[in-house]
Amino acid sequence: GIMSVIMRTFLLDDEEALTSEGTFIGFRVLAQSRGIKLRTVPLKDYRIDLAAMARAINDKTKIVYLANPNNPTGTIFTVKEFLTFMEQVPPHVLIIMDEAYFEFCYENPVYPDSMKYRLDNVITLRTFSKAYGLAGIRIGYGFARAEVINNLMKVKLPFEPGIPAQVAGRAAMKDEAWLKAYIDLNKKGLAFFYDLFDRLGLRYIESQANFVTLVMDNGEQVERINEELLKKGVIVRPLAAFGLPQCLRINTGLEEENAYFAEMLEKVL
């Protein structure tokens, strides 16, 4: 994928990458496979702490990875926080803005759509895997200034993505009716989950994506609920691999799927 290409293109062996704890584990896996030192900054109230991230940048930092909305918490940092952070980022540092869940929150007035701030050292990444439902096709896209893109093209494999994926992506971008319908469905799903969790007295993190993360008492409770739900045909995501063992992520679905999840959750609590 494009993140792998970015790391192969711009990271030297003695340079470092920086990201947040409790964020997309794919970046950590790529950094480790590349043999690069990866430093992390703790979340603050389940949000990426940009002020702490800015303080953590040093002379060896080459890439900073930011997911906004964050996966798996669904939280965002704001326009003000982003612009303040960018003022403190040295020009030699490349910022990867992973906006995989952009379509779910771009209407939020405090959300910093990075395409509106075409900064020289920012690469914006988006995907068709979330709002467009094309995860199996493996197609996404990125934006950056011409010099950055030209360097990436020198390293990118020449035969990816394949023609079927490109055709699917172009067709998806034209299908505005589908996108609107799914975003509306997701809004209803989030509201349904919030009502459900409030009624059950469960703590959750309000989300700007297509999932809600529950915060349980401990990891043992998460594992028990996950195993019991699996027995009933419900798949959720324990987040121990993300460094959040006390958390459980639940994606929204069709109305009947959400209702079935609610029924099964009440039985296993």
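What is the volume of the largest pocket?

Analyst: The largest pocket has a volume of about 1400 Å³. The structure is a predicted model, in which local features need pLDDT of at least 70 and side-chain atom pairs count only at pLDDT 80 or more, while totals for chains, interfaces and linings use all residues. Residues are numbered from 1 along each chain as its sequence is written, and side-chain values use heavy atoms, with hydrogens and water left out.

A pocket is here an open set of points on a 1 Å grid over the protein atoms alone, where a 1.4 Å probe fits, with protein on both sides within 12 Å along at least five of seven lines; lining residues have an atom within 4 Å of a point. Grid points are joined across faces, edges and corners, and the volume is the space filled by probe spheres set on the points.

The lining of the largest pocket comprises 47 residues, and those nearest its centre are Gly1, Ile2, Arg126, Ile139 and Gly140. Sorted by class, this lining has 25 nonpolar, 13 polar and nine charged residues. In that sorting, Ala, Val, Leu, Ile, Met, Phe, Trp, Tyr, Cys and Pro count as nonpolar, Asp, Glu, Lys and Arg as charged, and the others, Gly among them, as polar.

The secondary-structure elements named here are DSSP runs numbered from the N terminus: helices (H or I) of at least four residues and strands (E) of at least two. The elements that each supply at least two residues of the lining of the largest pocket are helices H1 (2-10), H2 (25-34), H5 (146-155) and H6 (163-174), together with strands S3, S5 (122-127), S6 (140-143) and S10 (247-251).

The domain assignment gives domain 1 (2-173) and domain 2 (176-267), with bounds that come from an automatic or database assignment. The C-alpha centres of the two domains lie 25 Å apart. Their contact (heavy atoms within 4.5 Å) takes 26 residues from domain 1 and 25 residues from domain 2. The largest pocket lies between domain 1 and domain 2, because both give residues to its lining.

The second largest pocket holds about 290 Å³ of space. It is lined by 14 residues, of which Val234, Ile235, Val236, Ile250 and Asn251 are the closest to its centre. Strand S10 and helix H9 (255-268) are the elements that give two or more residues to this lining, and H9 provides the largest share, four residues. By class, the lining of the second largest pocket has seven nonpolar, four polar and three charged residues.

The nonpolar cores complete the setting. A nonpolar core is a set of buried Ala, Val, Leu, Ile, Met, Phe, Trp, Tyr and Cys residues joined through side-chain atoms within 4.5 Å. Buried means under 20% relative accessible area, exposed over 50%, and partly exposed in between, with a 1.4 Å probe and protein chains only.

The largest nonpolar core has 29 residues, and Met53, Val64, Leu66, Phe85 and Ile95 have the most contacts inside it. Two or more residues of this core come from each of helix H3 (50-56), strand S3 (61-67), helix H4 (79-87) and strand S4 (94-98), with the largest share, five residues, from H3. Domain 1 and domain 2 both give residues to this core, so the core lies between them. Leaving aside neighbours within four places in sequence, Val64 is in contact with Leu18, Met53, Ile57, Phe85, Val93, Leu94, Ile95 and Ile96. Another core lies apart from the largest one and has 22 residues, among them Tyr204, Ile225, Leu229 and Val236.

In the loop between H4 and S4 is Pro91, which is exposed, with a relative accessible area of 78%. The C-alpha atoms of Pro91 and Asp120 are 8.3 Å apart in space, although these residues are 29 residues apart in sequence.

Two cis peptide bonds may be noted. One runs from Asn68 to Pro69, with omega near 0 degrees, and Pro69 is in the loop between S3 and H4. Another joins Glu160 and Pro161, with omega about -5 degrees; Pro161 belongs to the loop between H5 and H6.

In the loop between strand S2 (37-41) and H3 is Asp45, whose phi is near 55 degrees, a positive value in a residue other than glycine. Tyr46, found in the loop between S2 and H3, has a positive phi near 65 degrees. Asp45 is exposed, with a relative accessible area of 65%, whereas Tyr46 is buried, with a relative accessible area of 15%.
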